[in-house]
Amino acid sequence: NGTSGRTNSGQGLLEYHESARILSFGKKPSNSEANESSNKILVLCAGTADYPVAEEAAVTLEIHGFTPSRIYDVGVACLPRLLSYVDQLREARVILAVAGMEGALPSVVGGLVSCPLIAVPTSVGYGAAFQGITPLLAMLNSCAPGTSVVNIDNGFGAAVSGIKILQTAEKLTK
């Protein structure tokens, strides 16, 4: 998962997750402490430039005891690649869709699934991407119902929103 350094401080584990650009402290929950819906959250990443934000979301989920599925490099520039994962998309209880450029991935995914979808615009792109403003506005204007949007490059916020959705659903089913 791109972990580059660990230090045991006596109080817990200090760990730097290079690919996610996250520093975490403390012990991770064991599998027995993990949430029973932990494998029902999916992180999608449109392009390789969006990878750090997607990893920020995925690692945040792991730190909180979840085991997210990752599907990366499935942007709309190659729609058949995304469509080859349609069964996994439809099995998810929550999806985090990370995309820059024109931010089209969440709208396409939103038309394929019925679960909550959290759109994460990234600041990558060229031309008229405007450091993430273009994908942010595209995601806010998505016609796919049930799409929520977090701020630009906010993988952490998307992960926490996904966690709260799953935890609330789990409480309601008990």
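I began with the helix pair: H1 and H6 are oblique to each other, a label for angles that are not under 35 degrees (roughly parallel), over 145 (roughly antiparallel) or 65 to 115 (roughly perpendicular). Their axes come within 7 Å and cross at roughly 40°, where axes are lines fitted to C-alpha atoms, for helices over the stretch in contact, and angles run from 0 to 180 degrees between N-to-C directions. I note that the model is predicted, with pLDDT of at least 70 needed for local features and 80 or more for side-chain atom pairs, while totals for chains, interfaces and linings use all residues. Residues are numbered from 1 along each chain as its sequence is written, and side-chain values use heavy atoms, without hydrogens and water.

I then listed the contact (heavy atoms within 4.5 Å): H1 contributes Val 53, Glu 56, Ala 57, Thr 60 and Leu 61, and H6 contributes Gly 155, Phe 156, Ala 159 and Ile 163.

Next I looked up the sheet, taking helices (H or I, at least four residues) and strands (E, at least two) as DSSP runs numbered from the N terminus. The sheet is open, with five strands in the order E5-E4-E6-E7-E8 and parallel pairing, a pair needing at least two DSSP bridges. At its edges I found E5 (69-72) and E8 (147-149), each pairing on one side only, and the twist averages 20° from one strand to the next. E4 (residues 41-45) and E6 (residues 94-99) are joined by five bridges, with Ile 41 opposite Val 94.

Finally, I placed the helices: H1 (residues 51-63) lies across E4, E5, E6 and E7, at about 175° to E5, whereas H6 (residues 155-172) lies across E4, E6 and E7, at about 175° to E7.
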